[in-house]
Amino acid sequence: MRSLTLAEARERSSRLTVTSYTVDLDLDQGPDVFGSRSTVRFTCSTPGAGSWVDVKARSVESATLNGAALDPDSVVDGRLELAGLGEDNELVVVATMQYSHDGQGLHRATDPADGLDYVYGHLFLDAAPSVYACFDQPDLKAPYDVTVRAPRDWVVIGNGAAEQVEPGTWVLATTKPLATYFVTVCAGPYVSVRDEYDGIPLGVHARASLREPLERHAPEILDVTRRSFDYFHGLFGIRYPFGEYHQVFVPEFNAGAMENPGCVTFRDQYLYRGAATRDELLTRANTVSHEMSHMWFGDLVTMKWWDDLWLNESFAEYMSHRCLVDATEYTDAWVDSSIVRKVWGYGAERSPSTHPVAGVEALDAQSALQNFDGISYAKGAAALRQLIAYVGDDAFIAGVRTYLTDTSFGNGTLSDFLGAIERASGKDLTAWSKGWLLTADRDTISVELDEHGGVVESATVVRESPAAHPADRPHAFDVVGWTDGREVGRAATTVTTERTALDALAGSSAPAVLVPNASDLTWARVRLPDATVEALPEQLAQVPDAQARAVVWSALIDGVHGASVGPDAFLDVFDAAWPHETNSSILTRMAAYAEHRIVPFFVPRPAQAAAVGRLASAATALLGRAPAGSTESLAAARLLAGTSEDESLLRAWADGSQLPEGLSDDGDFRWIVVRNLASRGLLDVPGVEAFRAKDDTLQGGLNALMCRASLPGADDKAWAWEQLTGRHGRSNYEMVHLARGFWMAPDDALVADYVPRYFSDVPAMSGWVGEDALSRVVLVAFPKVFTEDTARLSADALDRHDLTPAVRRSLVDADAELREALESRAAFGAVA
């Protein structure tokens, strides 16, 4: 299928204005296909001209333009040509569409817990034509009338309020103008919790087998929903405009959530089946608020073309954290951002695929997908915080209100937004936007101290701009020092040159720990002083500021990836400080990062068992003193379950005995234990299947696949690889879970033969796997055999010309991570 180009989109929108869509879907044709009838009414500014409509159908039964029949077989590369357009036009396309199993288009999944089927639409980025015929680009918005025929025991939820007018037939209320990729229909035997707030009907929905966690978690989800509505109504001065507000937790969802107006879809793992840590609840609350903020940024005002993706995601990222801090109990949301979102964004910034926040001209739709990353989200949000520091919060909010009001139900651009802020603030943003939005990469910030007799004589901030992407970025941030938990110096500064004096630190005691950007207000690589890194094992746990501790951990991660901090130094800090951590986000995320990234990537294979043992010891220490049932206890138990080599403990936990409080009958926790047992060869296939039988659910089946793929037998690896790369109709989630388990191995020899096969077999999957799903598979399945031979094969693959954009971008990023691991191992050698 051809990907829409920017030039084509501009040409089409210059001629056409879509006035309405009427979409009729028949979801009662069995498990493989559904019927689609699209009626599109539009005008053409140049009557007699031609255009095309996008349709990606299994078959087109009929098509008419202004009553004249079109050849159904004339669809080429997902396009139906339209010739001789009138001033006013009506196009009707009747087609049979294919359900997807890769999370794109109209996805259909079967829940093994009860055999029931569920359908949901995920039409981002260019999947809308696989559901209905449309002019698929974000600047041709129109209102929708949708009718759905479904099995009689199903319910239907969509962008407009749904009414069942007769058994099995549902009519959805006419929507406000929507971009094509926001249209969704969720249908199946969903169960619901309903409410109303401030005149807005609310609904939270999930699979029938998730009724218990849905009803258990719905009160908090709805509370965050209400608080977010109040906050955004007050902040933006514009009421939510899309009628009812439904939040549907759906199976096998590729992203965290999708902001379809009136019908937000979420991955249903957010309905935690077992125990949940506080940071997991915070993450879900942030996602709820993030998607709601999109009702204004993205839905009410939509980007004109995909190169302004940041207008959607950067704003939602910033606004959701702001909302949580100001309006909910999650006042530490920016700490979570530092250790989760910014770590993700910094990883994207380290890769050769780094790009500016805005202004990257996406020449076609599929190329735009490659910039849907931590830069567009986390860096964009950090840039907005710096913009607020530059113009003031009052001017920023005034500009936002003007931007949203002036472009309501239309499309906005970077220049529209910056113009609104300039008018509100009276400041020229040309230089600011060039540095922060239009130039890739990040500055490095460090502090030079001159001290004598334990007293700071002078302090200087050093700002280094990357040579490959030079920029002049102003940074507003603070620098704070601590010794034995006591603050001994603090300075706030705005850095506009390469060297900036910190007069406020002169005369203070020389700190044991000095943290640039301690409140994490800016976006930069933070280089900690060598003396600070050496002092962290003793000092970090005593630093009372969780935000500063998050910045330190992030800087250590950056240092490990950049080969300036050894993995042994990271583990030294982990051993000493992690068991005393009190912030849930830092606690759980650093445990996961240590287990799944630091050790397997940066510690050579012969030394990994000892390194994993260090993690298990830290987990044991915390578990022994954490309050029963607390986040600390759960985080420690999860880390110990994944790293312990104590077979008797693992088997007891897997069988449900001797469990820490709060983990009885917790199937998700049990699978962590089972995966550990399986990867160590302490279970066989029947053993894994026995545990799957205890959790015969969608999630249980996925975890069983991961555990089977992790078994350390040659036949087990051969089976897993064939299941991953063969055409078996595996879902997007099944492929990812197989990939997660495959490279778990006691030594490289077991999986070495699959390294060259990866570079041929996985890219070939683009023939039957959607780009969004495959991009994830490429990353997760990339060989965890860190050798120069792997690097050579990876480089050869990147020289190929037949890679799809998603495959190439993921390969670039995975290759960068491989080379970071090789550089670190060369610099620091084995770790004991």
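Residues are numbered from 1 along each chain as its sequence is written. Because the model is predicted, local features need pLDDT of at least 70 and side-chain atom pairs count only at pLDDT 80 or more, while totals for chains, interfaces and linings use all residues, and side-chain values use heavy atoms, with hydrogens and water left out.

The structure contains 52 salt bridges, each defined as a side-chain nitrogen of Lys or Arg within 4 Å of a carboxyl oxygen of Asp or Glu. One of them pairs Asp558 with Arg442, whose closest N and O atoms are 2.7 Å apart. Asp558 belongs to helix α12 (residues 546-561), whereas Arg442 sits in the loop between α10 (430-436) and β22 (444-452), so the pair ties together parts that are 116 residues apart in sequence; helices (H or I, at least four residues) and strands (E, at least two) are DSSP runs, numbered from the N terminus. Asp558 is buried at 7% relative accessibility, and Arg442 is buried at 1%, where buried means under 20% relative accessible area, exposed over 50% and partly exposed in between (1.4 Å probe, protein chains only).

A salt bridge also links Asp443 and Arg473, with an N to O distance of 2.7 Å. Asp443 lies in the loop between α10 and β22 and Arg473 in the loop between β23 (455-464) and β24 (475-483), so this pair connects parts 30 residues apart in sequence. Asp443 is buried at 0% relative accessibility, as is Arg473 at 1%.

In the salt bridge between Arg490 and Glu487 (2.9 Å, N to O), Arg490 is partly exposed at 39% and Glu487 is partly exposed at 40%. Through shared partners, salt bridges join Arg350, Arg442, Asp558 and Glu820 into one network.
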